[in-house]
Amino acid sequence: MKSVIVDHSLAEAGTRRIDWARTNMPIVVGLADEFRQSRPFENLRIGICLHVEAKTGVWIEALVAGGAEVFITGSPGSTQDDTAAALADMDNVHVFARSDETFDDHLLHCEYVLQSSPDLIADNGADLHHLIYSRDSYRHLGEALIGATEETTTGTTRLRESIKCRDFPTLSINDTLTKRIVENRFGVGSSVIDGLMRATNVMLHGKNVVVIGYGYCGAGVAQRLRGMGAHVTVAERDPLTLLEAHLEGFRTSALEECVSAAQIVITVTGYDDILKREHFEMMRTGVIVANAGHFASEIDVPALEDLSVSKREIRDEITEYSLPGERKLFLVSEGNLVNLSAGDGNPIEIMDLGLALQSLSLRYLARDAESLQNGVQPVPRDVERFVAERAVAHWIK
């Protein structure tokens with residue numbers, strides 16, 4: 001199967017998106033030139049689960065330049081259809097992604113990726129890993145894979161707490177300081193604000209905003225909101241992380257104690273059912289609810305549906321839920337990642353660094369996987385340092 005794209009007429013617009021991203025991604029473009037000479041992925045199939053958008057397109061160009069055949073799927077709500085169409089028109093690239101896909105569609109598309117029998121995988125949220133270890137039909141891939149990478153906090157947590165990857169090495173991109181500090185804090189922080197502003201067009205100055213979760217991503221979101229003049233309260237279960245938020249000057253509170261005063265609520269945890277029926281019942285009318293964690297399931301949307309008297313799309317990316325007592329709640333992008341579903345994701349330069357880490361981690365696996373133990377582990381320090389040095393050279397003039 002070549003792709004699941006049905007509208008190839010969008011490819012020209014997607015090509016322009018990729019061209020613009022390439023103009024601002026000197027690190028990955030430089031690696032593409034190196035890969036074109038060294039061919040580190042010659043005759044290898046790389047299976048990818050990552051947001052199908054323009055920056056990812058530039059990265060795929062680099063992998064193909066290195067000799068790879070690429071099979072990629074995205075995530076619900078985050079696919080740029082024009083970018084997907086442009087990628088599907090490339091040689092040695094197979095795309096299984098649509099902007100309107102459901103989570104069930106997403107899992108099916110992940111299966112299409114695995115059915116290609118990849119040699120390497122680059123995962124996002126550990127969905128490919130999950131299928132390998134939960135479906136008998138893919139279990140054999142565990143022993144056949146050279147290795148894998150995992151992009152996200154959510155995925156790394158799943159791999160360590162529930163999936164227990166054990167048959168091949170998985171390099172956790174998220175464990176690098178460059179990913180945590182540069183991409184998660186600065187990239188996610190700014191892109192969530194961008195997506196929220198595009199979706200709502202409301203002023204953030206003076207708003208009471210509750211940020212649920214104060215990991216690297218949540219901290220970035222809270223800090224950028226404060227920079228926009230919002231009054232930010234952090235709700236966090238982990239006492240050490242809550243203490244960090246307190247010492248950095250944020251109001252801190254249990255979620256049940258602060259949600260009733262909020263005008264905007266943003267989840268950034270990576271766990272399911274963070275906002276539930278009882279929280280919706282506490283919210284005052286007019287609250288805007290958004291998710292910046294990995295899965296839409298951080299917000300119990302079925303419970304909100306059940307609680308509501310009616311709903312309507314009041315604006316692109318905004319669903320108005322009418323609740324008993326003439327209250328209204330507004331859900332952004334159906335609970336999907338607000339920075340990608342309502343915006344263009346992290347800034348291009350930030351993803352240049354992050355996708356360079358992916359590129360070099362995959363090259364390391366292709367060349368030296370036998371030197372690694374099986375299971376989740378950090379990216380080799382020299383790989384991270386190389387990318388940081390390239391970023392310094394390009395960013396600091």
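Mentor: Start with one residue and its surroundings. Contact means heavy atoms within 4.5 Å. Setting aside its neighbours within four places in sequence, threonine 178 is in contact with Glu183, Leu353, Leu357, Glu384 and Ala388. Bear in mind that this is a predicted model, where local features need pLDDT of at least 70 and side-chain atom pairs count only at pLDDT 80 or more, while totals for chains, interfaces and linings use all residues. Residues are numbered from 1 along each chain as its sequence is written, and side-chain values use heavy atoms, with hydrogens and water left out.

Trainee: In which helix is threonine 178 found? Is threonine 178 buried or exposed?

Mentor: Helices (H or I, at least four residues) and strands (E, at least two) are DSSP runs, numbered from the N terminus. Threonine 178 lies in helix α9. Buried means under 20% relative accessible area, exposed over 50%, and partly exposed in between, with a 1.4 Å probe and protein chains only. Threonine 178 counts as buried because its relative accessibility is 10%.

Trainee: How do I read the span of helix α9?

Mentor: Compare the span with an expected value, which is 1.5 Å times one less than the number of residues. Helix α9 (residues 177-200) has 24 residues and reaches 32 Å from first C-alpha to last, close to the expected 34 Å.

Trainee: Where is the kink in α9 centred?

Mentor: The bend at a residue is the angle between axes fitted to the seven residues ending there and the seven starting there. In α9, a kink of about 30 degrees is centred on glutamate 183. Glu183 is also one of the contacts of threonine 178. Just after the helix, asparagine 201 has a positive phi of about 60 degrees.

Trainee: Which residue caps the N-terminal end of α8?

Mentor: First, the rule. A polar contact is a pair of N or O atoms within 3.5 Å; within protein, one must be able to donate a hydrogen and the other to accept it, and residues adjacent in sequence count only if both atoms are side-chain atoms. Threonine 152 caps α8, with a side-chain oxygen 2.8 Å from the backbone nitrogen of glycine 155.

Trainee: Which residues of α8 are buried?

Mentor: An α-helix has 3.6 residues a turn, so residues three or four places apart point the same way. In helix α8 (residues 153-163), the buried residues are Thr154, Gly155, Thr156, Arg158, Leu159 and Ile163. Their cover includes α6, β5, β6 and β15.

Trainee: Now the sheets. What is the order of the seven strands?

Mentor: Strands of a sheet pair through backbone hydrogen bonds, either parallel or antiparallel. Two strands pair if DSSP finds at least two bridges between them. Axes are lines fitted to C-alpha atoms, for helices over the stretch in contact, and angles run from 0 to 180 degrees between N-to-C directions. Here, seven strands form an open, parallel sheet in the order β3-β2-β1-β4-β5-β6-β15. Its edge strands, β3 (93-96) and β15 (375-378), each pair on one side only. Neighbouring strands are turned by 20 degrees against each other on average, direction ignored. Helix α5 (residues 103-114) packs on this sheet, touching β1 (45-49), β2 (69-73) and β3, at about 170 degrees to β2. Helix α6 (residues 127-134) packs on it too, touching β1, β4 (120-123), β5 and β6, at about 120 degrees to β4.

Trainee: Why is β2 largely enclosed?

Mentor: Four of its five residues are buried, so the rest of the structure largely encloses β2. β2 pairs with β1 in the parallel sense over five bridges, and arginine 45 has glutamate 69 as its partner in β2.
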